[in-house]
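Hi everyone, thanks for making time. Let's get the model up on the screen and talk about its side chains.

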Amino acid sequence: MDITGVKLRCSQQVYYVYTNNLFVRRNSLCVVETEHGIDIGRVFKKLTSLPDESIKVGGKLLRLATQDDLNLLPQIEDLEDRAFAVCKEKIIEKKLEMKLVMVKSLFDKTKIIFYFVADGRIDFRELVRDLAAVFRTRIEMRQIGVRDEARMCGGYGTCGRQLCCVNLKEEFEPVSIKMAKDQNMNLHSLKISGMCGRLLCCLGYEYHIYREINESLPSPGFQFIVNDIPFVVEAIDSLKESLLLRHDSNTVAIHRDEISNMNGTFVLSDTAIEKLKHSLEVVTEEV
């Protein structure tokens, strides 16, 4: 049975549902039934089988969104705006240590979800009772992390482009400081952190390429001996696929093509050896 990945309204998470014999294209607006209720969403991808057994399929497409469905959206958005204002007022009134991020109503208005961030656990039972009394529907308080907050709020990164988490990712993948080190990035926290304060998502996009390049080059500190003179690998430039060799104050750049790996040992090509010898001759003449 065909499976469709759908991004529901006001959400970047992809839900996988059964296509239900409907003919839909990417970016088609559909009314979807999930385990949380009925909502409207946009087709993100179509699959004939699941690429990963950990992915669960729940729910189904009900229909392509009609004009009547779209006409209901302004009413739902007005409800969400009012719910946000009421909830924020009650949070201040009850002095709860939480930050309201977004409010979402299901398409059939059977439930309103309040997304918030907080440092610890929050006792919001009284808040839920008050909100249920005002809106006469099911209320769900959902605590999210700072990365989810950045995705919901949106914005632009230091690169000038829209945040990666908004458009490019289905789920958050772990990002480590090792990825920044292997890419020779400035490890200052402000340089490698995103709007959410966590490590930049984009550090993981090209990491496998940097790792492949770095594994094909000797690590800093490795020595090449030319005419009994040691040249030490001082730095690696992964983008240029080159490394910098130093002897005293003499430095020479060597490209990856000028190095070979012989049984686990890095060996310089004749061209690289001649380049290093020439650099020694130049230094001798200057002296």
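I'll go through the cysteines, then the charged pairs.

Quick housekeeping: this is a predicted model, where local features need pLDDT of at least 70, side-chain atom pairs count only at pLDDT 80 or more, and totals for chains, interfaces and linings use all residues. Residues are numbered from 1 along each chain as its sequence is written, and side-chain values use heavy atoms, with hydrogens and water left out.

So, disulfides. Here that means a pair of cysteine sulfur atoms within 2.5 Å, and the count comes to zero. Take Cys30: its closest cysteine sulfur is in Cys10, 17 Å away, so that's too far for a bond. For Cys87, the closest one belongs to Cys153, at 15 Å, again too far. Cys30 is buried, at 0% relative accessible area (buried is under 20%, exposed over 50%, partly exposed in between, using a 1.4 Å probe and protein chains only). Cys87 is buried too, also at 0%.

Now salt bridges, meaning a side-chain nitrogen of Lys or Arg within 4 Å of a carboxyl oxygen of Asp or Glu. We get 13 of them. One is Arg125 with Asp123, at 2.9 Å, and Arg125 is exposed at 56%. Another joins Glu140 to Arg142 at 2.7 Å; Glu140 is partly exposed, at 21%.

Then there's Asp182 with Lys178, at 2.8 Å. Asp182 is buried at 19%, while Lys178 is partly exposed at 47%. Finally, shared partners link Lys94, Glu126 and Asp130 into one salt-bridge network.
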